[in-house]
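Open the model in your viewer and keep the selection panel at hand. The stops below go from the whole chain to single side chains.

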Amino acid sequence: MLNKVRIALWALVALAAIAATVIYFTRPMDRSGSMFGGPFEMVSTATGETFTEADLQGTPTLMFFGYTYCPDVCPLTLAETTAWKEQLGLDADDLNIVFVTVDPERDTVETVRTYLSNFGEDVFGLVGNEAQTDQIKRSYGVFSEKVEAEGSTEYLVNHTSSVYMIDADGKFFGTIAYMEDSNTAMDKIRRLTGA
């Protein structure tokens, strides 16, 4: 009899765990930004001055984390985001494009500024020291790690490749995946900007 009670209790515990998991993963996405975003302090390549999470307020933003030595993902993503902005007829008052370096060892303000000049005047970068870079990565749940490049003295950086969408209140709005269909991405940007 005691074994049957134990089995029934364990079955109830298992059922409660399954129910909690289902509720967690099927609840509506919280747009409050509680999962992504938070305090950070970097230097803007646009002004050379301090840029914080408060500066994201006022204009919707596409934020991308990468580095200037990136051979493929970063230049492609920056080219795509600037093309989407142009195709949607948006200007600097409608949408910011912000590139955050995850390579503080090599990416200086001037290096990032020069790199971003290849993608138009509307893109600016955020640069910080290692502690500042770690802080903004934690705030947005970004992963990056240095890896040795075979046959080269330079290293590569594996990093999160999604574009983060931040609304005009400075809150996390969603993401655009790497190589996402352009029409889908532009629909997301229309919702973000109200265009």
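Helices here are DSSP runs of H or I with at least four residues, numbered from the N terminus. The model is a predicted one.

Start with the whole chain in cartoon view. It has 5 helices and 9 strands, in the order α-β-β-β-α-β-α-β-α-β-β-β-β-α from the N terminus. Of its 195 residues, 41% are buried.

Next, select helix H2, residues 73–87. Its 15 residues should span 21 Å at 1.5 Å a residue, and the end C-alpha atoms are 21 Å apart, so the two values agree. Buried positions in H2 include Val-73, Leu-78 and Trp-84. Step past the end of H2 to Gly-89, where phi is positive, near 70 degrees.

Now show the aromatic side chains; the whole structure holds 10 aromatic pairs. Select Phe-40 and Phe-51, a stacked pair with centres 6.4 Å apart and 20 degrees between the planes. Phe-40 lies in the loop between helix H1 and strand E1, and Phe-51 in strand E2. Both Phe-40 and Phe-51 are buried.

Move to Phe-65 and Tyr-140. Their planes meet at 45 degrees with the ring centres 6.1 Å apart, so this pair is tilted. It joins strand E3 to helix H4 across 75 residues. Phe-65 is buried at 1% relative accessible area, and Tyr-140 is buried at 2%.

Finish with two charges over rings. The charged end of Arg-106 sits over Tyr-69, 4.0 Å from the ring centre. Lys-146 lies over the face of Tyr-155, at 4.4 Å from the ring centre.

Methods. Residues are numbered from 1 along each chain as its sequence is written. This is a predicted model: local features need pLDDT of at least 70, side-chain atom pairs count only at pLDDT 80 or more; totals for chains, interfaces and linings use all residues. Side-chain values use heavy atoms; hydrogens and water are left out. Helices (H or I, at least four residues) and strands (E, at least two) are DSSP runs, numbered from the N terminus. Buried means under 20% relative accessible area, exposed over 50%, partly exposed in between (1.4 Å probe, protein chains only). The expected span of a helix is 1.5 Å times one less than its number of residues. Rings of Phe, Tyr and Trp (its six-membered ring) pair if their centres lie within 6.5 Å; planes under 30 degrees apart count as stacked, over 60 as edge-to-face and the rest as tilted. A charge sits over a ring if NZ of Lys or CZ of Arg is within 6 Å of the ring centre and within 35 degrees of the ring normal.
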